[in-house]
Amino acid sequence: MRISLFITCYNDTLFPETGQAVVRLLENLGHTIDFPLEQTCCGQMHYNTGYEREAMPLMRRFVDIFRDSEVVCIPSSSCVAMIRDHYPKMAAAQNDPELVRAVGELLPRVFELTELLVHRLGTEDVGAYFPHRVTYHASCHSLRSLQLGDAPLRLLRNVRGIELIDLPNVDRCCGFGGAFAIKMGDISAAMLAEKMTDVENTGAEVVTAVDNSCLMHIFGGLHRQRAGTRMAHIAEILASTDTGRNAGAQV
Amino acid sequence: MTIRVGESGQAPSFQRAALPLLKDAQLRKNVRHATDVIQSKRASVVAETKDWQELRTSASAIKAHTLRHLDRYLQQFEQACTAAGGEVHWATDADEANRIITALVKQYQCNEVIKIKTMTSDEIGLNQALENSGIHAHETDLAELIIQLGNDKPSHIVVPALHKNRSQVREIFLEKMHLSELGERPEDLTAAARHYLREKFLNVKIGVCGANFLVAETGGVSIVESEGNGRMCLTLPDVLIAVAGIDKVIPSFQDLEVFLQLLPRSATGERMNPYNSLWTGVHAGDGPRHFHVVLLDNGRTGVLADAAARETLHCIRCAACLNTCPVYRQTGGHAYGSTYSGPIGAILTPQLNNMQHSQSLPFASSLCGACYEVCPVKINIPEVLIHLRSRIIQGQKGNFDFEALAMRAAAAAFASRRRFEATQRLGRIGQWPFESNGWVRNLPGMLGNWTRVRDLRALPRQTFREWWKERATSRKEQDHA
């Protein structure tokens, strides 16, 4: 299958290794990756912070770039939630029937990475090898908006060598919330403190998620405390193999 | 018109009000403990209700229908209530409601009233207004009594003294009830309250209550409670005055079937409230001889006018959203500076205030969606929060603001590939004063809110797109070779 990758602005800029892992993972499964270089951002940060007007052209841009794609893969559940939950309403507000139609046609072909693997491609075992103690953080958008259920965990359980530890209070927000972490820094920090305690109590070396945004937040706090836990986007775990490349690599 | 929502008009911003609360270890432990207990009780009684989602859908549909025809249902309520012997008063704002109630108390020549817990009376500042006219209001709900005696403010819609623990309650009772000794068991504390209140129940001639539901079909006022104090206030006084927001009306008696399943499970984790009272007009030899209902607008028609946020008025004040909210969990309710705290307070308070106050509240959420998940009437609180944020930002147009400037600059960068890639390169170069060994530990200005407790990984040498382009080039070269 020809899969168009929307890497998202922050993964592109801050976490290139996640994108590389997505490419490696999907190519290993026999798919062809297409990366339209015109892509930038879905508009989530603007929209969620109250800058709806500024988010509108970004929606149009996304739709223009991906309207002819067979499927679009996005390794970030909050960006998928932005597109799925808000684009239809935003398009309707533009009084542009053509745009509404284009959004409606595109949405069923937009997938979060683990959703694509489990629900669209029917793959639960990607042949990965990752000999580490790992805990999975369920991001709020993956849990409540995309309703991914246990799709990410089904993929992780099939990874050879992995020791998967349940994260207590897995349905509780880590306190990131985009601009919330800046605007309400002290409250966000209090929420983060609880999440870090839960992560540390698992004794995991690696905390993973389908969103690097939450991981950037959780790991940012853990790194400040010099805690012995690192982050890895789920794509990086799923792209690890026992042939040496990336096996147990330090991220 | 003077709309008042508790003391929200004078309240500091959420982030400022939260600071001392975040430092209060006792309060934070109390809030965590209490919300954990209520949440787990709620979870088990919701899990056993097989048609829970259908009930939520029904409740949402009933509320949406009622709000679409609110004028009709309110008039129907007035007619039915009047026909049953009650008297209905209309109040556009807090002051008018307070004037009506004060005049009624004076008309019946009383200088004190007993009250059932009503958040609406806190919204309009009724106790203070009565006090200003020489009328003393006695709170009879245990938690409200604790708040009143302790000169405190409610921190939760259902459990107003949730931020106090047992030993703190004991201290308040010892001092304010002038007791020489008091045990520390829950029974000791409730016995003290019971003794203190009993005399009021028997002597005070006017009861003041709120309403959980106003039944348009019958003119009935539905009140649910857990302590029996409400039953006393409804049955013993000669006069009963109910104050209720116009959003409390539901069309028919049968609609209670839906709401009385949802409300107790969501609010206190009970299958049914211990006391369900439905008061309709006056009846000879039974209960109060005079029954008044004050229907309050106080900003509600303004909320109704905004189609994108109208569902805020679906709220049945169960507080399930407070108990599940990870933000409320850290601060408790006082940070919201309003009668209504938590996620529902964050959308209701600024709207009642016509977006003139409490503008920090819609930003006091990480948009995690836990509130929407538990809401028994399916208010999509995160959607409404985003909508209100947008209204606030649009209203600020023209002001110089670092955030707005940064947001517009980012939008301009994202509008073109060339500018986006230039910004990525610029960021990599510009980060050098802040970066050390691949990490950023100290950022200036607002961004310092991040680095105060979190490190930030520095921008890597190569973006994903640069890697992709490089790979494509090297593949092409290999193909040519």
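**Entry 1: the interface.** I began with the two chains and found that 47 residues of chain B are in contact with 49 residues of chain A; I note here that I am working with a predicted model. On the chain B side, the elements that each supply at least two residues include α1 (14-22), α15 (326-331), α19 (402-414), α20 (417-430) and α22 (464-480), and the strand β13 (456-457) is also among them. I then looked up which element gives the most to this side of chain B, and it is α18(B), with five residues. Sorting the residues of chain B that touch chain A by class, I get 27 nonpolar, eleven polar and nine charged.

**Entry 2: the core.** Next I looked for the largest nonpolar core, which has 217 residues, and I listed those with the most contacts inside it: A:I218 and A:L238 from chain A, and B:I241, B:A242, B:V294, B:C321 and B:I381 from chain B. The element that gives the most to this core is helix α5 (residues 77-93) of chain A, with eight residues. As background I wrote down that nonpolar side chains tend to be buried together in soluble globular proteins. I followed up A:I218 and, leaving aside its neighbours within four places in sequence, found it in contact with A:H137, A:C174, A:L192, A:K195, A:M196, A:V199, A:V207 and A:M231.

**Entry 3: a helix pair in chain A.** I turned to helix α4 (residues 52-66) and helix α6 (residues 97-106) of chain A, which pack at an angle of about 60 degrees with their axes 10 Å apart, and the two are therefore oblique to each other. The crossing in which α4(A) passes α6(A) is left-handed. From α4(A) the contact draws on A:R60, A:V63 and A:F66, while α6(A) brings A:L99, A:A102, A:V103 and A:L106. By class I count six nonpolar residues and one charged residue in this contact, with no polar ones.

**Entry 4: B:D141.** Is B:D141 buried or exposed? I first placed the residue in the loop between β3 (136-139) and α8 (142-149) of chain B. B:D141 has 23 other C-beta atoms within 10 Å, and because the cut-off for a buried residue is 20 or more, I recorded B:D141 as buried. Leaving aside neighbours within four places in sequence, B:D141 is in contact with B:I116, B:K117, B:E227 and B:N229. I also checked B:D141 against B:T118: the two are 23 residues apart in sequence, and their C-alpha atoms are 9.4 Å apart in space.

Methods. Residues are numbered from 1 along each chain as its sequence is written. Chains are lettered from A and ligands numbered from 1 in the order in which they are written. This is a predicted model: local features need pLDDT of at least 70, side-chain atom pairs count only at pLDDT 80 or more; totals for chains, interfaces and linings use all residues. A nonpolar core is a set of buried Ala, Val, Leu, Ile, Met, Phe, Trp, Tyr and Cys residues joined through C-beta atoms within 7 Å. A residue is buried if 20 or more other C-beta atoms lie within 10 Å of its own, exposed if 12 or fewer, and partly exposed in between; C-beta atoms are placed from the backbone. Helices (H or I, at least four residues) and strands (E, at least two) are DSSP runs, numbered from the N terminus. Two residues are in contact if their C-beta atoms, placed from the backbone, lie within 7 Å. Axes are lines fitted to C-alpha atoms, for helices over the stretch in contact, and angles run from 0 to 180 degrees between N-to-C directions. Angles under 35 degrees count as roughly parallel, over 145 as roughly antiparallel, 65 to 115 as roughly perpendicular and the rest as oblique. A crossing is left-handed if the near helix is turned anticlockwise from the far one by less than a right angle, and right-handed if clockwise. Ala, Val, Leu, Ile, Met, Phe, Trp, Tyr, Cys and Pro count as nonpolar, Asp, Glu, Lys and Arg as charged, and the others, Gly among them, as polar.
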